[in-house]
Amino acid sequence: MRNWFKNFAIAFGLALALSACGSETESAAGADDRSGDPLSEVIGGDASLAIAMGAFERTGLVGVIAGDADYTVFAPTDTAFQALGDEASTLLEDESRRAILAAILREHMVPGALTPDAIRAAIDSNGGEVSMTSFGAGTLVFSIDGADIVVTNETGQQSRLSEEAVIASNGVVVPIDSVLVDPAALEQ
Amino acid sequence: MRIRIRRLVAAGTASLAMAFAPLAFAQGQDNGRGNGGGPSAAEGNGNPSSGNRDNGNPGSGNPGSGNRDNGNANNGNQGGSAASAPGNGNAPTARGGQPPQVDRGRSSRAVERGNGNGVGNNRNAGSRGDRARDGAEVDFALRGLRDAFGIRPRLIEGCPPGLAKKRNGCLPPGQARQAYRSYNPGFFSLFGADRGDYFYNDGYLLRYRGDSLLGYLPLLGGALGIGNVWPDYYEPQPLPAYYTDYYSLGDARSYRYADNVIYRVDPETAAITSVAALLTGDQIEVGQPMPRGYDVYNVPYRYRDRYYDTPQARYRYSDGYVYSIDPETALVASVIDLAI
């Protein structure tokens, strides 16, 4: 009896310890599962996506990723935004140009929930590239380059998808390593 | 959660007369997104143990609620300049600058509503039935948007009021070309706008032609940004009930719509408080090919136990609906309501 109680206590303690590690779990889709949290919290809680989150807040689009409907956000990392350069960063922080920032964010959003695994499966099934409509200037085309999935927008900008996608309650966040925007659109 | 399947009898599907107007934008971007090339990739995820599901394929629904004639509505703003056109011309528009012209007057549709693949009845099911009988809201909500708001971005005549107060708000064309950067309206997801020279200034796209300023388009995040009062020139109109349910919009005073974006506003002041939803505006019709851009399985996770790809049907999500697609023909077989 004493051993049973001891084993139970150990198991209970382990369970508590694991639950304290956070709600994130690995899902069958190969993405981290935070399906209890909306996109806004998942993006807002990722230190590498702080610039993207700030952009969602400044443009009001945070209301979209905090809402009930499902979206997939291909979120450029802070490093990706910084790679645009100082002039572009200044422009994107300019209040009078927030509509341009909003347009850029829309380019990185597609309807519904899709993970890198789903994109890879579609590419495999299709025998080549696949496309998804975006809320921006057109479709995004996905293809394989080596081990990576690459996304290309209508104006030819490319970015690589991180495999560290996160499933939220209202969609999926997939970090990407560059911003899908024509540099000409960011000229002063 | 309510789920309802609609399959439109093939012989009665709405006839779409697609007229395409060529557009050439300043940046020369080709945003072509016409129909064709249906989805070809299917992800076999989902829950095979779900058992005896019908998957929303033809035959799953109760025989329909009768033929309905959508009437002789005329959007009235197709073709020609949209400048200062009465009504609202800021509705979902097919991408690629090719606004389809929809002839709804000759369409007679039998709407067949299924029972949600075995999903039980739930709240408001009865009221949904009432709506079906009156025919006002049983129709596809996207079509309701087109009816209410038209299909093109609406150019507002003149100089924007806010800019007009500024010394250099609306410069003459020659100076504007030097002072402002030109943009393709498609960059801002404004598809179907009239051709011309568009320049960005302080949250607006200004359209010039020759030596005159023709008008402007207010932009999400700019003129239609948080804290700004909803402009008078976009008269508030209620959205189809399906969207108010799906996007939890509340009563008609608390939201506004323009150019595939739904905004929340303060009911008292009409100040924009947030962006509630983005829509693709893709015009997806039963019996027609799925538009380009739905190759990847994207059904929201909470519906995946019901709608997963099989050899008999593929499922794709867009703007609050799940669409069943026949893998052999790549035609849309049914539209599935998802009401939360």
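Colleague: What are the model's ipTM and the mean pLDDT of chain B?
Modeller: The model scores pTM 0.74 and ipTM 0.87. pLDDT is the predictor's confidence in each residue, from 0 to 100. In chain B, 56% of the residues score at least 70. The ipTM is 0.87, and the chain B average is a pLDDT of 67.

Colleague: Which element of chain B has the highest mean pLDDT?
Modeller: Helices (H or I, at least four residues) and strands (E, at least two) are DSSP runs, numbered from the N terminus. Chain B has five helices and 15 strands. Among these elements, helix 1 (residues 125–134) has the lowest mean pLDDT, 30, and the highest, 97, belongs to strand 13 (residues 314–318) of chain B.

Colleague: Over which residues of chain B does pLDDT stay under 50?
Modeller: Where pLDDT is low, the predicted coordinates should not be read in detail. Contact means heavy atoms within 4.5 Å. Beyond four places in sequence, the model has 272 contacts for one such stretch of chain B and 134 for another. These stretches are residues 7–94 and residues 96–138.

Colleague: What share of chain B is buried?
Modeller: Buried means under 20% relative accessible area, exposed over 50%, and partly exposed in between (1.4 Å probe, protein chains only). Among contacts in chain B with a separation of 6 or more, residues 24 or more positions apart account for 70%. Of the 340 residues in chain B, the buried share is 58%.

Colleague: Which cysteines form a disulfide?
Modeller: A disulfide is a pair of cysteine sulfur atoms within 2.5 Å. The search of the whole structure finds one over all chains. Here the sulfur atoms are 1.9 Å apart, and the pair is B:Cys159 and B:Cys170.

Colleague: Which element gives the most to the lining of the largest pocket?
Modeller: On a 1 Å grid over the protein atoms alone, a pocket is an open set of points where a 1.4 Å probe fits, with protein on both sides within 12 Å along at least five of seven lines; lining residues have an atom within 4 Å of a point. The largest pocket holds about 510 Å³, and of its 23 lining residues the closest to the centre are B:Tyr204, B:Gly222, B:Ala223, B:Gly225 and B:Asn228. With three residues, the biggest contributor is helix 3 of chain B.

Colleague: Is B:Asn260 buried or exposed, and what is its phi?
Modeller: B:Asn260 lies in the loop between strand 10 (255–258) and strand 11 (261–265) of chain B. At 4% relative accessibility, B:Asn260 counts as buried. Although B:Asn260 is not a glycine, its phi is positive, at about 65°.

Colleague: How many residues of helix 7 of chain A are buried?
Modeller: Helix 7 of chain A spans residues 98–107 and is mostly covered. Its buried residues include A:Ala99, A:Leu101, A:Arg106 and A:Glu107. Out of 10 residues, the buried number is nine.

Colleague: How far apart in space are A:Ala122 and A:Ser143?
Modeller: A:Ala122 is in helix 8 (residues 116–126) of chain A and is buried, with a relative accessible area of 1%. A:Ala122 and A:Ser143 are 21 residues apart in sequence, and their C-alpha to C-alpha distance is 9.8 Å.

Conventions:
Residues numbered from 1 in each chain as written. Chains lettered and ligands numbered in written order. Predicted model: local features only at pLDDT ≥ 70, side-chain atom pairs only at ≥ 80, totals over all residues. Heavy atoms only, no water. Points joined across faces, edges and corners; volume = space filled by probe spheres on them.
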